[in-house]
Amino acid sequence: MNSPMHSQDDLRDLYRELILDHARSPRHFGKLEGATHSAEGINPLCGDKLKMYFSIDDGGTIKDAKFEGSGCAISVASASLLTDTVIGMTSDVALDFFAVLVARLSGRSDNAEMPAADVDLGKLTALEGVKEFPSRVKCATLAWHALNSAIHREAEPATTE
Amino acid sequence: MSKQINNVTELAASNTGLDKCRHDFPALAQSINEHPLVYLDSAASAQQPQSVIDKVAAYQRHDHANVHRGVHTLSVRATEAYEGARDMVQKFINAGSRSEVVYTSGTTESINLVAQSFCRPKLSPGDRILITHLEHHSNIVPWQLVCEQTGAELVVAPINEAGEVDIETLFKQLESGAKMLAIAHVSNALGTLIPLRQVIEKAHSCNVPVLVDGAQAVPHMPVDVQHLDCDFFAFSGHKMFGPTGIGVLYGKEKLLDAMPPYKGGGDMILEVHFTGTTYNDLPYKFEAGTPNISGAVGLGAAVDYLQAVGMDAVSCYEHELLQYMTKEIGKIDGLRLIGTAADKASVQSFLLDDIHPHDIGTILDHEGVAIRTGHHCAMPVMDYYGISGTARASLALYNNRDDVDRLVSALATAKEIFGK
């Protein structure tokens, strides 16, 4: 497999202003007291470590979401965008976003069988710059893997391996 | 170290030094993202010179068969190539005997072998194994495992802010007794050069045997195991311009002789009967199964290459280049050097503003500059500094001042993108 060749535009696309903004000033940062669901996301190669907290009501709606931890600009921005995105969604819809985002970022979005392939990712499309940087896809999806673990109440920390 | 750097001024003056070596490494003659490659990740794995690539290919093409087994011509050739490489390694590190040069898959296996075969039978609950705070995971975890298996205790010598081992405390810990001191020659994360002669002399005066993790030393400076008087010395082929999957454990013959085998299988035996098995002589007792023959051939070729260049010359050249790199990146506003020991070799870790090392790594790669980012398999070092990782530029004989200048320029791009 040939490694991708990057242009200057690719780099600006990866570190676009929305991403840098969320990395510098992450939204919903901190511990969520009274969270009903939480999970850690660990990227063992990078040392990125995020903890995602969710408060989900009996009807399955995500009432609140926060995160804490440390990571690169991409993983922190992705976690921040995640919290912005999923608050007010049902956990089922959030899981659809997880599936679609992971598939798109890892270049597997052509699969017609994929659930909810028509999901509009909204500002999450800002993360699509990582497609040209395969080594960074894990950074962009780490928080989402943790969301998946939290909703499924998995005991082990989520990893992107 | 001082005796090795007499010629620094001469070499530095021209800024050519070993520059011509660069052309021996075909991987360096490529562009990454439309920029000529600047490879500053040799501490993770070094590139191979054409001579190593050719030697391995020639072996595969003409001489391959199993070793120590056949009377046919190819088996004889393969055995000669495999054992010839051992002789070259023996001379390269000045081992007293070829029996003391055991092939392994690399430094990690060499250390595990010593932990399990030399230490484990001797260890009782309460015994102490001594390491330092700057070790690579592969010189920590094998000792944690053997401690778990035996109830022995792992004792860690501290480091200071510069990344130097606190020698005074280490000496006190040695005086309190230990069954083994396992210590790096050069720290892979910080570049710290350990004053090994002094440490080993002290350890021996306390009857503590010493294993040296030499992975980051062998490609960068002359190593004489008899002069060091270490009991074991472990290193890897791929960090010294050879192939992956081959490495060496040097051990003093009387120690290796007394040790039980590490793995059982073919080649490590003289006779096998269901009533009992007689083990082979050194070093074969520790080389069970068909070995990495082509790897050994490549390792021999790498030794040949390094000897032709001359390890004194390599050491002088890299010493000057490291000083240049440290000075140049140190001028960058917001750059924090991690690892500022007085004696260092080949490695400089750093942080830039609050930009995460992985973002630095991606931006540098975009400019064709390859560095390592993360914890460098030395998480306790990162814990010490209270950081999750660093960016690390590591040098080898094929790097030059232009590489350093390209690194500096790429770091400026990172600052620009992050708006600093």
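This is a predicted model: local features need pLDDT of at least 70, side-chain atom pairs count only at pLDDT 80 or more; totals for chains, interfaces and linings use all residues.
Visitor: Let's start with chain A. How many helices and strands does the secondary structure of chain A come to?
Guide: Reading along the sequence, you get the pattern α-α-β-β-β-α-α-α-β for chain A. Tally that up and the secondary structure comes to 5 helices and 4 strands.

Visitor: What percentage of the residues of chain A count as buried?
Guide: For contacts in chain A with a separation of 6 or more, 64% are between residues 24 or more positions apart. As for burial, a residue needs 20 or more other C-beta atoms within 10 Å of its own to count. Of the 161 residues in chain A, the share that makes it is 45%.

Visitor: Now the place where the two chains meet. Which helix of chain B gives the largest share of the side that touches chain A?
Guide: On chain B, 14 residues are in contact with 15 residues of chain A. By class, that side of chain B has 3 nonpolar, 9 polar and 2 charged residues. The largest share, 5 residues, comes from residues 357-366 of chain B, and that's helix H12.

Visitor: How many of the residues of H12(B) are buried?
Guide: Go through the buried ones and you'll find, among them, Pro357(B), Ile360(B), Leu364(B) and His366(B). Asp359(B) and Asp365(B) are buried too. H12(B) is largely enclosed by the rest of the structure, because the buried count is 10 of the 10 residues.

Visitor: On to the open sheet in chain B. Which strands stand at its edges?
Guide: The sheet has 4 strands in the order E13-E14-E17-E16, with antiparallel pairing. An edge strand here has a single partner, so one side of it is left without a neighbour in the sheet. From one strand to the next, the twist averages 30°. The two at the edges are E13 (335-338) and E16 (372-374).

Visitor: Which residue stands opposite Ile338(B) in E14(B)?
Guide: E13(B) and E14(B), residues 347-352, run antiparallel and are joined by 4 bridges. Within this pairing, Arg336(B) stands opposite Leu351(B). Ile338(B) has its own opposite number in E14(B), namely Ser349(B).

Visitor: And how many residues of E14(B) are buried?
Guide: E14(B) is also joined to E17(B), by 4 bridges in an antiparallel run, and Val347(B) stands opposite Ser394(B) there. E14(B) is mostly covered, and out of its 6 residues the buried ones number 5.

Visitor: Which helix lies across E13, E14 and E17 of chain B?
Guide: You want the helix that runs at about 5° to E14(B). It spans residues 311-330 of chain B, and its name is H11.

Visitor: H11(B) comes within 10 Å of H14(B), axis to axis. Are the two roughly parallel or roughly antiparallel?
Guide: H14(B) covers residues 401-417, and the two axes cross at roughly 20°. The crossing is right-handed. Angles under 35 degrees count as roughly parallel, and H11(B) and H14(B) are therefore roughly parallel.

Visitor: How many nonpolar residues does the contact of H11(B) with H14(B) have?
Guide: From H11(B), the residues making the contact include Leu321(B), Met325(B) and Ile329(B). H14(B) brings, among others, Val404(B), Leu407(B) and Leu411(B). By class the contact has 2 charged residues and no polar ones, and the nonpolar count is 8.

Visitor: One last residue. Is Ser117(B) buried or exposed?
Guide: Ser117(B) lies in helix H4, residues 107-119 of chain B. Beyond its close sequence neighbours, Ser117(B) touches Met259(B), Pro260(B) and Tyr262(B). The cut-off for burial is 20 or more other C-beta atoms within 10 Å. Ser117(B) has 21 of them, so it counts as buried.

Note on methods
Residues are numbered from 1 along each chain as its sequence is written. Chains are lettered from A and ligands numbered from 1 in the order in which they are written. Two residues are in contact if their C-beta atoms, placed from the backbone, lie within 7 Å. Ala, Val, Leu, Ile, Met, Phe, Trp, Tyr, Cys and Pro count as nonpolar, Asp, Glu, Lys and Arg as charged, and the others, Gly among them, as polar. A residue is buried if 20 or more other C-beta atoms lie within 10 Å of its own, exposed if 12 or fewer, and partly exposed in between; C-beta atoms are placed from the backbone. Two strands pair if DSSP finds at least two bridges between them. Axes are lines fitted to C-alpha atoms, for helices over the stretch in contact, and angles run from 0 to 180 degrees between N-to-C directions. Angles under 35 degrees count as roughly parallel, over 145 as roughly antiparallel, 65 to 115 as roughly perpendicular and the rest as oblique. A crossing is left-handed if the near helix is turned anticlockwise from the far one by less than a right angle, and right-handed if clockwise. Lists of a residue's contacts leave out its neighbours within four places in sequence.
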